[in-house]
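Please look over the sequence and the model below before reading on. The paragraphs that follow begin with one residue and its surroundings, and then widen to the whole chain.

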Amino acid sequence: MNKLDDIRASLAPDLELMEDCIRRQLATGNPMLQTIIDGCLRTHGKLIRPILVFLTARVLGGINDRVVAGAAALELLHNASLIHDDVVDQSEERRGAPTVNSVWDNHVAVLAGDFFVSSSLQLAIKTGNIAVVETVAGLGKTLSLGELDQIYNALHGELTEENYLSVITLKTASLFKACARTAADALGVDDERSRALVRFTELLGLCFQMRDDVFDYYSDPAVGKPTGNDLREGKVTLPLLHVLADETLPLHEAMNTLVRSGSLNATEIDTLTTYAKTYGGIEYTYARMAELRAEGVEALACLPETEDKQRLIAIFDYIITRNH
C-alpha cells in the first residue's frame, strides 16, 4: 500500500459513513438513473477530497454529522462535474469504466449530472450551516467559470503562466480549497488554523492539476489519457507554456506560431510535446510543484505537530509522485 492507502484506511469508518450518506441521498425509483448511480458509486476515485475534509476536521476538533454531510456534498458535486466534463470532452472511459454518456447518451448524462448537483445542494442544506451551503453552491459556479475561462483562453487568450494559474485556481484548486473551508464551517471554526488549512488545500489543488497535466506529455494506457489530449482540445498547459515563453530557445517563433494555428494534427501535437520535454518544460513544472509544497508546509507551521498534520503533508507528496 502507498501512503494514501494508509491514510484512507485510517479514515475508513468516516468514509463509509459518507458513502452511506451519498447512497441515501441519491436513492431513486427510476431504474435507469439508479443504474447510473450504482455505476458511479462503484467506480469512485481515490477519495482525496473527502479525505481532506476529514483530516481538516480532525485537526480543528473532530468529525461530526455535519462534517460527514459536507464531505458528501462536495464529493457529489465533484462527481457531477466529472459526468458533465465527459459530455463536453466526448470521453468514452473514466477510471477504467465506460462513461455515462458513452453507455446512454449526452442527454441522459447531463440530466444525471444535474441530479447529482441538486443532491449535493440538499446535503449541504442538511448541515444546517449557511456557510457550508454558500461554499457548495458557489463552488459549482466557480468550477464552471474555470472551464469557460479555459475555453476562452484557448480561443482568444494570451498563452501565459499567469492565465494558466488563474484557470486551474478556479477549475481545480477551488474544490480542494472548499474541502478545508467546509470542514471548518461545519465545526464553526474561523481562526488562524482554519485559514492555514484553506490555503494549504488550495496549493495542493494547484499541484494536483500540474501533475495531472504532466501525464499528457507521456503515453501511458493506465492513465486513460492519450498523449497530447490537452493540446488536441486546445489546452496549453504549464510544461509547454514555459518553453514557449523563452525567446532564447531554438524555433521559438515557429513553435508559438504552430500552437496558435488552431486545430492540430497528431504530428504537430507530437512536435509540441517533444519540444516541451526537450527544453525543460517537465522539469520546470516539477520545480513549481516543489515550490507549492514548500509554501504549503510553511502555511501549516502554525499547527501543532500531529499525525494528522503529517498525513496532510504526505498527501502533498503523494500528489507530486503519483503515477496515475
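Asn-101 touches Asp-86, Val-87, Gln-90, Ser-91, Asn-106 and Ala-109, leaving aside residues up to four places away in sequence, where a contact means heavy atoms within 4.5 Å. This is a predicted model, in which local features need pLDDT of at least 70 and side-chain atom pairs count only at pLDDT 80 or more, while totals for chains, interfaces and linings use all residues. Residues are numbered from 1 along each chain as its sequence is written, and side-chain values use heavy atoms, with hydrogens and water left out.

Asn-101 has its place in helix α6; helices (H or I, at least four residues) and strands (E, at least two) are DSSP runs, numbered from the N terminus. With a relative accessible area of 10%, Asn-101 is buried, a word that stands for under 20% relative accessible area, whereas exposed stands for over 50% and partly exposed for what lies in between (1.4 Å probe, protein chains only). The side chains of Asn-101 and Thr-99 are joined by a polar contact of 3.0 Å, and a polar atom of the Asn-101 side chain also lies 3.5 Å from the backbone oxygen of Asp-86. A polar contact is a pair of N or O atoms within 3.5 Å; within protein, one must be able to donate a hydrogen and the other to accept it, and residues adjacent in sequence count only if both atoms are side-chain atoms.

Why does Ala-57 count as buried? Ala-57 counts as buried because its relative accessible area is 0%. This residue is found in helix α4, which covers residues 48-60, and, again not counting residues up to four places away in sequence, Ala-57 touches Gly-62, Ile-63, Val-67, Ala-183 and Leu-187. Although Ala-57 and His-78 are 21 residues apart along the chain, their C-alpha atoms are separated by 19 Å.

Charged residues come next. Side chains of opposite charge can pair when their charged atoms come close. A search of the whole structure finds 18 salt bridges, each being a side-chain nitrogen of Lys or Arg within 4 Å of a carboxyl oxygen of Asp or Glu. One of them joins Arg-8 and Asp-5 at 2.3 Å, N to O, and these two residues are separated by about one helical turn because they stand 3 residues apart in helix α1 (residues 3-10). Arg-23 is partly exposed at 43%, and Asp-20 is partly exposed at 29%.In helix α16 (residues 307-321), Asp-308 and Arg-311 are 3 residues apart and so are separated by about one helical turn. Salt bridges that share partners join Arg-58, Glu-307, Asp-308 and Arg-311 into one network.

Finally, consider the protein as a whole, which has 16 helices and 2 strands. Its radius of gyration is 20 Å, close to the 20 Å that the globule rule gives for 324 residues, so the protein is as compact as a globular protein of that length; the radius is taken over C-alpha atoms, and the rule is 2.2 Å times the number of residues to the power 0.38. Of the 324 residues, 49% count as buried.
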